[in-house]
Amino acid sequence: MLHEIAKNRYLYLLTVPGIVFLIVFNYLPMVGLYLSFVDYNPMAGLYGMKSEFVGLSNFEFFFGSGDWVAITFNTLYLNALFIVTGLAVQMFMAIGLNEVAGNRFKKLAQSFMFLPNFLSWTVVSIFSIAVFSTDTGVVNAVLTALGLEPINFYQDASKWPLILVLLKLWKGVGFGTVIYLATLAGMDQEMFEAAKIDGASRFQSILYLTLPMLKTTTILLLILLVGGIFYGDFGMIFALIGDNPLLRPTTDVIDTYVYRALRMNNDIGMSSAVGLFQAFVGFILVVSVNGITRKIEKDSALF
Amino acid sequence: MTRITRKSTALAIALLLLLSVMAACSKNEKESGGSPSASTPASPSASEATKPSESSEPGESAKAPPEEVTLEFYMPSGTADVNDLQAVLDRFYADTKDTLNTKLKFNFTTFDNIGQQVSLKIAGGEQVDSAFVAQWTAPNINQMIAKNQLANLDSYFNNDQYPGLKKAFTPEYLKNNSFIDANGESHIYGIPFTHGFDGGGVIYYRQDLAEKHGISEIKSVEDLTKYYDAIVTNEKGIVPLSWNGSQDLISDILWTMVTPLTTKHNFETYVAGTNSSIAIKPDGSLYVAKTVNPWSDPEFMALLPDELKSVDPLAGFKMAREWYKKGYLEKDILAQKDPDGQFMSGKAASVVRTLDIYPSQKQQLETAIPGAKLGYFIINPGYLTGTPKAVGSDFKAWNFAAIPSNSKNIERTMQFFDWLFSDLNNHDLFEFGIEGKHWTAEGDSKYSIPAGVDAAANYNFPGFTLTWNPTMVRYDGNTPDDVVTTLNNLGDTNFFFKKLSAGFNFVTDNVKNETAKLNDVKSLLRTIGDGVTDDIEGTLAKVQKEFDKAGYEKVRQELEKQFSEFLKTNPYEGQ
Amino acid sequence: MNRLSIGDRTMMLVFYVSIGLFSILCVLPMWIALMASFTNELELIRSGYGLWIRSFDLTAYKLIFTGTGSVYRAYGVTVLTTIAGVVLTVFLTSSFAYPLSVKSLKYRNRLSFFCYITMVFNGGLVPTYILTTRFLHLQDTLWVLIIPAALNGFNVFLMKNYFATLPEALAESAKIDGASEIYIYFKIILPLSMPILATIALFAAIGYWNEWFRVLLFINDKELFTLQFLIMRLQQQAEFLNSSLSASARAALGGQTIPTIGIRVATAMVSIGPIILLYPFLQKYFIKGLTIGAVKG
């Protein structure tokens, strides 16, 4: 091992600041994971380290609720939708921006697409009421103008997965597109020149040259996002849906459930227990996906 | 390329240097002076009155002021900082340099962070001398007491050494604001702050609109519905009643409006923040309702006073549904989060709030809508008619200042509070500011803002975290007399009958998991509580099933156990 | 060679239309929000949102700029922490990510895994708080806003991925010419990595600009409040009072005036501010044709 480090000593040296940083700010606090298994009392011993060990009982309020299967399913389902549609649309937009001519159009479009990222979900929820409201909302105004029945969005759970996906796309596409654009900007242009000379259409160039270039980025993003697939987007869902029980069947995720249950409680043990569950299963998923990726496309794997 | 790299490196280094200079300058010079109090510490766990003595050798302490100590207070506030606070503090220091010699540091944070901040500071072993805790912070006061995190303050009250506290906090007031701890003993764990013993819920309505449609004043539920009908028919685009769909259920309000008053009160609904209702059997023992909607439990109903026996268990829900269908409530009530804005902008004809904000509500409305007049309809018939002993209260405050049990300055802090409440002037200094500058006194019970003072920049200390007390209440000079009368009633102990749960709090440690699950299930009632669905009985049955699944029976039994224990020392006396 | 095929022309049309539509869809709500922030709040509730200002009113902005304490100082603090934070992030992330992308480095996968674990498991608020305040003593300093947020796994992997797309021939030929690893990194790799550096800088800038939670936890000194913190405070208060609070709790808080919708929209506008200007500035790094060509050289 020492031989390896000596051989590439400068490279390993470059990693040292990062390693130190991660140890101090990430690994040291990880001792807190044990909090999931205790009944935390900040006054028990120094920093509450003598809190009483309670085994798995902190997990009971979540797993014993009977709803946890449905809630977990919602979380996974919604996140899967977000990931797939997100990546697809981002790729589409990035390639499109790359292909279209007119620098001004490009710059303007790029900037505009980035804007929704800055509006917080609270502000978006204010707008969404204006859009989806039963009596005065824009959507229902259009529907009635067309002679159709107005939809009572805030009482109909079935419409919301679609709404959530659309809103998430609207807000997040600009951000993700930047990542793809950066990859595209670094592409070797010679290939495309050569392809053009050979008579390939732009569509074919995209299909056979650009897309493969984006493969590694897509796989990377996919693996990273899959790691978070058990974490519901609390900020979005709580701002848009709030406490409305009628919409829960399709939109209730793990994080909103935990919030409601522990709202007046702030039991550190219980909340970190669920967090540990989410982290752990996500981790298993990533290790599996990464393992599969290594078999197929060794270079694209995360580790 | 090289030029760019070198330039950017240089820039980076320069910036980092600049930053370190800034950081060095802004490092907190004033270290939170946690010099331990020089007095003998009063042991917090003993329930007998230990004499907390502060070097009580005569002569000596009268001359030399005690060592200077800075106390760290943690409380929530609506604004990041309080205007002109330093001026008030300077006045305080000038007045008490020789007596208390205590410096105060108020640390304000947001409402939803105060619980977390206090927990973190305690976990980190930092100096916390007074922390704001309440039933609605997270963690709440019950939890903190159960974990022995708060100091027992019994010995500082009803103690001649602390005359201010003795005067402002009567034994009855304190008894009702004591908490039961993990050992089953009841002690004072926090200084309560409140003005009245009930918020005094009212429906504020547009009196100008009412008059326009032939209703001079709303004095009964019939008047109210007539008003709403008029709005529905004549004022399209205005919602009669705007309501925040995420908060309480409207069915509860409606229920209160139509429940007949009674003189016998051997029952109580939604005891001490739980979802359970209780009734006392004729033999004095306890019965806890089996259903989440107590009126659906026939055994419970049988124990109620006669006037209520014939009440429809689903009355509240049915009324909510009726109001929804008639158009009194808006269709998207579950998504409504800003009812006050609706009212102030003219999109709603009435809104539910409390009476104590009458002056500011009136001013806001009249500024926002020219020609508008503010009227109010008191929801609870007991208040409406001013009938004493018709409405119950547990006399509990919903704001407390508690002292962590490992604080080194418990005595100093209590001495400050004693000073605060010993004289109306001391109290008013902190609550309203410097007299003449921030406010003017009108007698002993009213105040006004001097002309020319900008309200936005005026002293705005959150009194509910430090100073509110039923014996020292000042109303805005603009408050009309009828409002003052009602508000005075709300602060008068004799106006209320004592609820069964006065002095009781439910220790949830054993049923922590069930309580968490129930917290979530409770919100399922919203659909019938806000009148959104027709299927009242079906929903109620479904909710009850969810409740049972979440372990309601266990919570019920625990409540029965704890409350029966409580009844032993606080028996029901037929009122 | 200028005549595009039918297929290509349809494709281009699809691109233009979808990008155009989407951009309009994105900018329209922002425009409406901007107009709304200058509108009288009650008028907003009365008549809804529109494309133009119906009743010009600066109250929301006045409240933010006078009612929230020294906004100017907060702006300064935010700008400072953002710049410092971005510099630190780019430096730390790239120096950590580059070795991970060098295929010949034997332990790079283990280091990647080491980094990934930090993205998954989090000890929680309590140990982080204790570490930051009791052991590192970072509270009430600007450092607490700058340092802890500097390195995160997501950025590391993005950078690693980008470095891996650069041709190995570059580093190889330089090595043959006798260049050291450090020289290769600074003089060859980094200049070619402008797109990803700009990307990470952008992400970092946005992250630092929006930081308010750390201020809430660690900073009491009002001289060090950031802009976003002051604004979030306004929003938090409104949120809390309109959340599922029981009537008694709400009554206990006294007559807290609740900022209405206009305030929330105005605060959103104010908090965006200069960061929007950063994006066009960095844009040139994302548009192809500006940085390539170095491969040949």
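1. Strand β1 (residues 69-76) of chain B is largely enclosed by the rest of the structure, because six of its eight residues are buried; buried here describes a residue with 20 or more other C-beta atoms within 10 Å of its own, as against exposed with 12 or fewer and partly exposed in between, the C-beta atoms being placed from the backbone. This is a predicted model, in which local features need pLDDT of at least 70 and side-chain atom pairs count only at pLDDT 80 or more, while totals for chains, interfaces and linings use all residues. Residues are numbered from 1 along each chain as its sequence is written, and chains are lettered from A, with ligands numbered from 1, in the order in which they are written.

2. On one hand, β1(B) pairs with strand β2 (residues 102-109) of chain B in the parallel sense over eight bridges, where pairing requires that DSSP finds at least two bridges between the strands. Strands are DSSP runs of E with at least two residues, and helices are runs of H or I with at least four, numbered from the N terminus. Within this pair, B:Leu71 stands opposite B:Leu104 of β2(B). The chain passes from β1(B) to β2(B) by way of helix α3 (residues 85-96) of chain B, in a β-α-β crossover that is right-handed, a word that applies if, with the strands pointing away from the viewer, the path from the first strand over the helix to the second runs clockwise.

3. β1(B) also pairs with strand β3 (residues 130-133) of chain B, again in the parallel sense, over two bridges. Here B:Tyr74 has B:Ala131 of β3(B) as its bridge partner.

4. A separate point concerns the open sheet of three strands in chain B, which has the order β11-β7-β12 and antiparallel pairing. Its edge strands, each pairing on one side only, are β11 (350-354) and β12 (374-378) of chain B. Neighbouring strands of this sheet are turned against each other by 35° on average, direction ignored; axes are lines fitted to C-alpha atoms, for helices over the stretch in contact, and angles run from 0 to 180 degrees between N-to-C directions.

5. Strand β7 (residues 201-206) of chain B pairs with β12(B) in the antiparallel sense over five bridges, and B:Arg206 stands opposite B:Leu374 in β12(B). Helix α15 (residues 358-368) of chain B packs on the sheet, where it touches β7, β11 and β12 of chain B, and its direction makes about 140° with that of β12(B).

6. Between chains, 75 residues of chain A are in contact with 83 residues of chain C, contact meaning that the C-beta atoms of two residues, placed from the backbone, lie within 7 Å. On the side of chain A that touches chain C, the largest share, 11 residues, comes from α2(A). By class, that side has 45 nonpolar, 22 polar and eight charged residues, with Ala, Val, Leu, Ile, Met, Phe, Trp, Tyr, Cys and Pro counted as nonpolar, Asp, Glu, Lys and Arg as charged, and the others, Gly among them, as polar.

7. The contact between chains A and B takes 33 residues from chain B and 31 residues from chain A. On the side of chain B that touches chain A, α20(B) provides the largest share, six residues, and the residues of that side divide into 11 nonpolar, 14 polar and eight charged.
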